Amino acid sequence: MSVQSVPTFPLRSTDEKAIPLIGFGTAEYLFGASRDTLKETIIEAIKLGYCRFDTAAVYQSEQPLGEAISDALRLGLIKSRDELFITSKLWCSDAHHDLVLPALHKTLKNLKLGYVDLYLIHWPLSLKPGKHDFPFKKEDMVPMDIKSVWEAMEECHDIGLTKSIGVSNFSCKKLETLLSSARIPLISSSLCSV
């Protein structure tokens with residue numbers, strides 16, 4: 001498989017590159033259990049032609065992915081970061097208007113990148129700030145202000161820290177709520193169900 005042979009799909013929310021339809025996920029449970037081997041696994045995936053990588057703050061895989069990207073550049077496996085499509089996700093404890101931008105800055109620091117191609121709200125709920133446990137406790141859940149969190153996601157897009165923004169695991173009803181106030185069209189990795 002080569003980068004040229006991976007089919008892509010255009011993102012309607014951006015004039016940037018299209019999203020490769022074949023991707024490499026970096027989640028494993030227990031999160032962070034194989035950090036040492038994950039970096040080498042990602043490098044092997046790049047050698048095989050993978051160019052789309054999915055990570056998230058909660059997966060604890062952003063740092064190994066960032067190290068693998070740096071190594072792939074140094075080794076000449078890729079000529080530039082722009083050959084890759086990187087997705088990361090906002091964790092629920094950071095799903096508060098004032099915490100979105102700092103969370104994305106931390107993600108970018110972990111990835112050693114200036115931007116991600118797609119930044120998603122991981123789940124349509126918020127946790128008390130500072131609570132990073134998974135699975136999370138019911139008593140740590142707080143109502144999500146979808147409108148203000150999305151506005152913060154739009155700010156991240158506006159300043160160029162992410163090329164596209166979207167959501168994951170949202171129901172159709174929550175998508176409708178979000179779409180009623182969204183200024184920037186969103187990408188959804190959700191499967192709508194009634």
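Biologist: Let's start with the overview. How many helices and strands are there in the chain?

Modeller: The chain has five helices and 10 strands. Keep in mind that this is a predicted model.

Biologist: And what share of the residues is buried?

Modeller: Of the 194 residues in the chain, 46% are buried. Take the contacts between residues at least 6 apart in sequence: 68% of them join residues at least 24 apart.

Biologist: Now the inside. Which residues touch the most other members of the largest nonpolar core?

Modeller: That core has 41 residues, and Phe53, Ile86, Leu90 and Ile121 are the ones touching the most other members. Several elements give two or more residues to this core, among them helix H1 (35-48), strand E6 (116-121), strand E9 (162-167) and helix H5 (172-179). Helix H4 (146-158) is on that list too, and H4 provides the largest share, six residues.

Biologist: What about a second core?

Modeller: There is a separate one of seven residues, including Tyr59, Trp91, Leu125 and Leu127.

Biologist: Back to Ile86, then. Which residues is Ile86 in contact with, once its neighbours within four places in sequence are left aside?

Modeller: Ile86 is in contact with Phe53, Leu65, Ile69, Arg81, Leu111, Leu113, Val116, Asp117 and Leu118. Setting aside neighbours within four places, Thr87 contacts Phe53, Asp54, Thr55, Leu118 and Leu120.

Biologist: Is Thr87 buried or exposed?

Modeller: Buried, because its relative accessibility is 3% and the cut-off for buried is under 20%.

Biologist: How about polar side chains? What does the side chain of Ser126 reach?

Modeller: The Ser126 side chain reaches the backbone oxygen of Ala95 at 2.6 Å. Ser126 belongs to strand E7 (residues 126-127). With a relative accessible area of 0%, Ser126 is buried. Not counting residues up to four places away in sequence, Ser126 touches Cys92, Ala95, His96, Asp140, Met141, Val142, Pro143 and Met144.

Biologist: Last topic, pockets. What is the general idea?

Modeller: You roll a probe the size of a water molecule over the atoms, and that shows where empty space is left. Here, the largest pocket has a volume of about 400 Å³.

Biologist: Which residues of its lining lie nearest the centre of the largest pocket?

Modeller: The lining has 22 residues, and Ala57, Val58, Lys106, Asn110 and His132 lie nearest the centre. At least two lining residues each come from helix H2 (62-75), strand E5 (85-90) and helix H3 (97-111). H3 gives the most, with five residues.

Biologist: And how do the lining residues divide into nonpolar, polar and charged?

Modeller: The lining of the largest pocket has 10 nonpolar, six polar and six charged residues.

Terms used
Residues are numbered from 1 along each chain as its sequence is written. This is a predicted model: local features need pLDDT of at least 70, side-chain atom pairs count only at pLDDT 80 or more; totals for chains, interfaces and linings use all residues. Side-chain values use heavy atoms; hydrogens and water are left out. Helices (H or I, at least four residues) and strands (E, at least two) are DSSP runs, numbered from the N terminus. Buried means under 20% relative accessible area, exposed over 50%, partly exposed in between (1.4 Å probe, protein chains only). A polar contact is a pair of N or O atoms within 3.5 Å; within protein, one must be able to donate a hydrogen and the other to accept it, and residues adjacent in sequence count only if both atoms are side-chain atoms. Contact means heavy atoms within 4.5 Å. On a 1 Å grid over the protein atoms alone, a cavity is a set of points where a 1.4 Å probe fits but cannot get out, and a pocket is an open set with protein on both sides within 12 Å along at least five of seven lines; lining residues have an atom within 4 Å of a point. Grid points are joined across faces, edges and corners, and a volume is the space filled by probe spheres set on the points. Ala, Val, Leu, Ile, Met, Phe, Trp, Tyr, Cys and Pro count as nonpolar, Asp, Glu, Lys and Arg as charged, and the others, Gly among them, as polar. A nonpolar core is a set of buried Ala, Val, Leu, Ile, Met, Phe, Trp, Tyr and Cys residues joined through side-chain atoms within 4.5 Å.
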